[in-house]
Amino acid sequence: MSLRDNLERVQQRIVDACARAHRDPQDVRLLAVTKIFPAEVIREAYAVGLREFGENYVQEMENKAATVADLEGSRFHLIGHLQSNKTKKAAQLFAAIDSVDSVKLARRLDGEGVPLDITIEVKLSHEESKSGTAADAVAEIVEAVRASTNLKLKGLMTVPPWSEDVELSRPYFVTLRELAATHSIPELSMGMSHDLEVAIEEGATWVRVGTALFGRRKKQ
Ligand SMILES: *Cc1c(COP(=O)(O)O)cnc(C)c1O
């Protein structure tokens, strides 16, 4: 399968899910997750029309940056956990930080002095391995971002526990949607290759897709 074919399939899945949910497909944006893949893959994705990319690691983005610097209109989102000692690099490399999970991190990012789109990552499960803030700490992070000079609050993101049964993701997506509504936050980044339909049915405005576009990642 070529990237072009994969993209068509993913776009069709989005269109079909939107039809079921009576939503406009224009309201669901595709974040192409290129982590672990070489920078050339980002260029290929750009060539077939993709513009918004998700990367998980600051260091990896730094290594790729020179190769993708000329891709006009491309935007990079950090979707992996950010340590607060790496905010300077992150602010240089990314247009959007989708994994903000503390007031401290938000303040540090604001202090870097460049405009950044911010999404708060919420951990709604009890898995040790997952990052994200607890739901009851979202309010104070929202407040910090809204009070900042350089940060623009865009959305909430969550990653449910992985399961073969995509229906098990649904309650997490519902909870995220309700949390966003409580704080009048417009964007919902939820749904990945295997469960994007369920996420769209529950209101996702961004789906983050790696495997369904680029194939399986080699273990790092
Ligand atoms: C890797 C990753 C994705 C993409 O997952 P796929 O299953 O490959 O589509 C989405 N979101 C986050 C936070 C990720 O780390």
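Let's start with strand 4, residues 96-100. It is mostly covered: 5 of its 5 residues are buried. Keep in mind that this is a predicted model.

Who are its partners? On one side of the pairing list we have strand 3, residues 75-78. Strand 3 and strand 4 run parallel and pair over 2 bridges. Look at His 77: its bridge partner in strand 4 is Ala 96.

Now take Ala 96 again. In strand 5, its bridge partner is Asp 117. Strand 5 covers residues 116-121, and its pairing with strand 4 is parallel too, over 3 bridges. Strand 3 leads through helix 4 to strand 4 in a right-handed β-α-β unit. Strand 4, helix 5 and strand 5 make a right-handed β-α-β unit as well, with helix 5 at residues 103-111.

Next, strand 2. That is residues 52-55, and both of its faces are covered. Glu 52 and Gly 54 sit on one side, Phe 53 and Glu 55 on the other. Buried or exposed? All four are buried, and two of them are glutamates.

Strand 2 has its own pairings. With strand 3 it pairs in the parallel sense, over 4 bridges. Glu 52 has Arg 75 as its bridge partner there. With strand 1, residues 29-33, the pairing is also parallel, over 2 bridges. Here Val 33 stands opposite Gly 54.

Strand 1, helix 2 and strand 2 form a right-handed β-α-β unit, and helix 2 spans residues 39-47. Strand 2, helix 3 and strand 3 form another right-handed one.

Let's stay with helix 3, residues 58-68. Which of its residues are buried? Val 58, Glu 60, Met 61, Lys 64 and Val 68. They span an arc of only 135° around the axis, so they lie on the same side of helix 3. Turn to the face pointing away from that buried side. There you find Asn 63 and Ala 66, both exposed.

And what do the buried residues of helix 3 pack against? Helix 2, strand 2, strand 3 and helix 4, which is residues 87-93.

To close, back to where we began. Strand 4 has parallel pairings with strand 3 and with strand 5, and 5 of its 5 residues are buried.

Methods:
Residues are numbered from 1 along each chain as its sequence is written. This is a predicted model: local features need pLDDT of at least 70, side-chain atom pairs count only at pLDDT 80 or more; totals for chains, interfaces and linings use all residues. Side-chain values use heavy atoms; hydrogens and water are left out. Buried means under 20% relative accessible area, exposed over 50%, partly exposed in between (1.4 Å probe, protein chains only). Two strands pair if DSSP finds at least two bridges between them. A crossover is right-handed if, with the strands pointing away from the viewer, the path from the first strand over the helix to the second runs clockwise. The arc is that of the directions from the helix axis to the C-beta atoms. Contact means heavy atoms within 4.5 Å.
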